Amino acid sequence: MDADDSRAPKGSLRKFLEHLSGAGKAIGVLTSGGDAQGMNAAVRAVVRMGIYVGAKVYFIYEGYQGMVDGGANIAEADWESVSSILQVGGTIIGSARCQAFRMREGRLKAACNLLQRGITNLCVIGGDGSLTGANLFRKEWSGLLEELARNGQIDKEAVQKYAYLNVVGMVGSIDNDFCGTDMTIGTDSALHRIIEVIDAIMTTAQSHQRTFVLEVMGRHCGYLALVSALACGADWVFLPESPPEDGWEEQMCVKLSENRARKKRLNIIIVAEGAIDTQNKPITSEKIKELVVTQLGYDTRVTILGHVQRGGTPSAFDRILASRMGVEAVIALLEATPDTPACVVSLNGNHAVRLPLMECVQMTQDVQKAMDERRFQDAVRLRGRSFAGNLNTYKRLAIKLPDDQIPKTNCNVAVINVGAPAAGMNAAVRSAVRVGIADGHRMLAIYDGFDGFAKGQIKEIGWTDVGGWTGQGGSILGTKRVLPGKYLEEIAMQMRAHSINALLIIGGFEAYKSACDMAEARGCHQELCIPLCVVPATISNNVPGTEISLGADTSLNAVVQTCDRIKQSASGTKRRVFIIETMGGYCGYLANMGGLAAGADAAYIFEEPFDIRDLQSNVEHLTEKMKTTIQRGLVLRNESCSENYTTDFIYQLYSEEGKGVFDCRKNVLGHMQQGGAPSPFDRNFGTKISARAMEWITAKLKEARGRGKKFTTDDSVCVLGISKRNVIFQPVAELKKQTDFEHRIPKEQWWLKLRPLMKILAKYKASYDVSDSGQLEHVQPWSV
């Protein structure tokens, strides 16, 4: 936590500063097109990273219009200009549609205005139209300069000095309609708004047995409609990329009436505003309502969400995504040469990448072309693997084939929850049960963890039994921290009695440890020689074999929302520092990422040891901060970061050392981090990852069919997780070497690489490893 990060390897620090000197450079940042939550986080990251490396950074107000008009619309930004904007929706520097910039004359004015301030690096946050405009501007730059010189507006020296323009884009769009990136800035926050509305509507719809037709944004892209349908278990969804087959009217009415016959008290139909049929004719929410009323006579209501989806505070995911992309954009600008094409900083899996801007724009336009030409399969393929995966998962979970059409496997697959409750567990169980039934298995639910397993609390669970589970927090099956060790005899007996052929374990570190114990016990209990798959679900995000665990996103949002409120409470009192304790055991994920998303001044974690000098340096840093206009501080502490430097100790130290400069308050967040309804990310992630786990189990059981095969190899006990860009199965036998069992954390954790970002954005010097940056990749179209 040192102000100069003195423990950082000196070589990497030196390399970092030499590699990224922005001295003498000027960066302009603008937001253009439709606003999106998280744009402010991106602006903040660009400004602070730019200043950190020694560049001048300018706000360009009102998008391209401000660039054309010049004057006060282009103003230098300082560190404090971007204080307290992280939690604000929209964009503080404004956005506007600009006709003038479409004309060469307008671009000539814009170039002249930029040159007056020496700006030759542009960071554009917007959609594909805004980014295309920036690329055209870059291509014309030298010609515009020559014209300005001919007109006598600039001299020949300026033409040589500012010979080329660098452009880096970040995609801010709630529709997630830009190819090449898994998520655009604002999409996750828009999903939060949609899911909040759906959760509220579901309670009233159940009371009156109503059907609700919800229209969400997405004129050319159905991502919001698709993911919200997946996250709430909607009965039907209409998308521009994947129109319903001819005769859909009758199919939909049959589906709705079947669901009512199964005692379901409500129906939810989600429509993207750009929904079409196979003839490219619009399908409107009113048309669907009329159909349901005339054909089925159901009490039906339409809700159009509209601009609610653009508003509100950004989610934790969007803040972290935008901060990462903003820093990456500055690095890309400083590394650019005259030959570097305009690029977009993007997210692929959990990995930040750079992609050629025009390749992404071209593919985005290709999707629209495919839809116009009614090549809908191509449209889905071009949207990327994330979209195609969501669509396939939705289809599998929404429509159940009649029992006589499902070939039976005669296999029993059991599902169990283990460890502390985590949001998204129920979505994962629902998904596993439905995919298992669709694959022909008999699904068994084990109640109350391994304790319940040993006591025989095992029941068959059906398709309708898990209806409405996606939005429920906690664990409906019940979960305990008990490990199977002392119950192995009883568990083996229950497995024999119920003929269990495979086991899906959904839980945290205890689930992983249980799989390790059961794998070791196979020699004594042959009943354990079955496929075992662990789906990591814990708010601590401390399971080896995955970069993100189910439940961590919901918990992170709870931490960040509380930090926002606490910071707001200080706006009246001034000169106040808050010390907040987060959960996570020995894993500092919540403290570190919560600190990055909430704009904390420091975050103390177990993975990075600290001493009294670090604490002293942080107090001095906050004392300096109180002399500025930002007169409040936020410090996060992981609950187990240090045995002796407790929350009370740190609170008392800060109170004593800050006497007369600032006062202190402390807050222990506690179990509120485990509760609440799952976030859209966790609902979607739980649904998809659990479906993937069941596909693996089905494939394993298929291998053994008719041969009475026993599973004894390491690859039949796996953790399913995300690693960089891929969903992968890793045997627990291999993961043991990567595990610190004493502290229940993986030996290496990817998010520690983001730790310097939090420090840099809080005005500390830090060593930031940029070895992953710099490679311009090409956009990969994914096959469906």
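**Entry 1: the largest pocket**

I began with the largest pocket, which has a volume of about 1200 Å³. I am working on a predicted model here.

I asked myself which residues lie nearest the centre of the largest pocket. They are S386, F685, K688, I722 and V727, out of 43 lining residues.

Next I looked up the elements around the largest pocket. The helices α7 (187-208), α8 (223-232), α11 (316-335), α14 (385-398), α19 (552-573), α20 (589-598) and α23 (680-704) each put at least two residues into the lining, and so does strand β22 (726-731). I noted that α23 gives the most, with 9 residues.

I then sorted the lining of the largest pocket by class and got 24 nonpolar, 9 polar and 10 charged residues.

**Entry 2: the second largest pocket**

I moved on to the second largest pocket and read a volume of about 1000 Å³. Its lining holds 36 residues, and R97, G127, D128, G129 and S130 lie nearest the centre.

Which elements supply at least two residues each to the lining of the second largest pocket? I found α5 (128-150) and α12 (357-372). The largest share comes from α5, with 5 residues.

By class, I have 9 nonpolar, 17 polar and 10 charged residues in the lining of the second largest pocket.

**Entry 3: S32**

The side chains of S32 and S130 make a polar contact at 3.0 Å.

I placed S32 in the loop between β1 (26-31) and α2 (39-52). Is S32 buried or exposed? Its relative accessibility is 4%, so I put S32 down as buried.

Leaving out neighbours within four places in sequence, I listed the contacts of S32 as M39, Y64, S95, A96, I125, G126, G127 and S130.

I found R632 in strand β19 (residues 632-638). With 15% relative accessibility, R632 counts as buried. Its side chain makes a polar contact with the side chain of S84, at 3.2 Å.

Not counting residues up to four places away in sequence, R632 touches S83, S84, K567, A570, R576, D601, K625 and M626. I also checked R632 against S475: the two are 157 residues apart in sequence, and their C-alpha atoms are 38 Å apart in space.

The side chain of R576 meets that of D663 in a salt bridge, 3.2 Å from N to O. What does this pair tie together? R576 is in strand β17 (residues 576-582) and D663 in strand β20 (residues 663-668), so the bridge joins parts that are 87 residues apart in sequence.

I compared burial for the two partners. R576 counts as buried because its relative accessibility is 14%, under the 20% limit. D663, with a relative accessible area of 30%, is partly exposed.

I picked out E241 and R383, whose side chains meet in a salt bridge of 2.7 Å, N to O. This pair links distant parts of the chain, 142 residues apart: E241 is in the loop between β7 (236-238) and α9 (248-261), and R383 is in helix α13 (residues 376-383). I have both E241 and R383 down as buried.

Then I turned to K759 and E608, whose side chains form a salt bridge of 3.1 Å, N to O. K759 lies in helix α25 (residues 755-761) and E608 in the loop between β18 (602-604) and α21 (612-625), so this pair ties together parts 151 residues apart in sequence. K759 is buried, with a relative accessible area of 4%.

I also saw a network of salt bridges that links R104, R107, E140 and E147.

**Entry 4: two backbone angles**

Last, I went through phi values. Q209 has a positive phi of about 50°, although it is not a glycine. I located Q209 in the loop between α7 and β6 (211-216), and at 37% relative accessibility Q209 counts as partly exposed.

N280 is another non-glycine residue with a positive phi, near 65°. I found N280 in the loop between β8 (267-272) and α10 (285-296). Its relative accessible area is 27%, which makes N280 partly exposed.

Note on methods:
Residues numbered from 1 in each chain as written. Predicted model: local features only at pLDDT ≥ 70, side-chain atom pairs only at ≥ 80, totals over all residues. Heavy atoms only, no water. 1 Å grid on protein atoms, 1.4 Å probe; cavity = no way out; pocket = protein on both sides within 12 Å on 5 of 7 lines; lining within 4 Å. Points joined across faces, edges and corners; volume = space filled by probe spheres on them. Helix = DSSP H or I, 4+ residues; strand = E, 2+ residues; numbered from the N terminus. Nonpolar A, V, L, I, M, F, W, Y, C, P; charged D, E, K, R; others polar. Buried < 20%, exposed > 50% of the residue type's maximum accessible area, 1.4 Å probe, protein only. Contact = heavy atoms within 4.5 Å. Polar contact = N/O pair within 3.5 Å; in protein donor to acceptor, adjacent residues only side chain to side chain. Salt bridge = Lys/Arg side-chain N within 4 Å of Asp/Glu carboxyl O.
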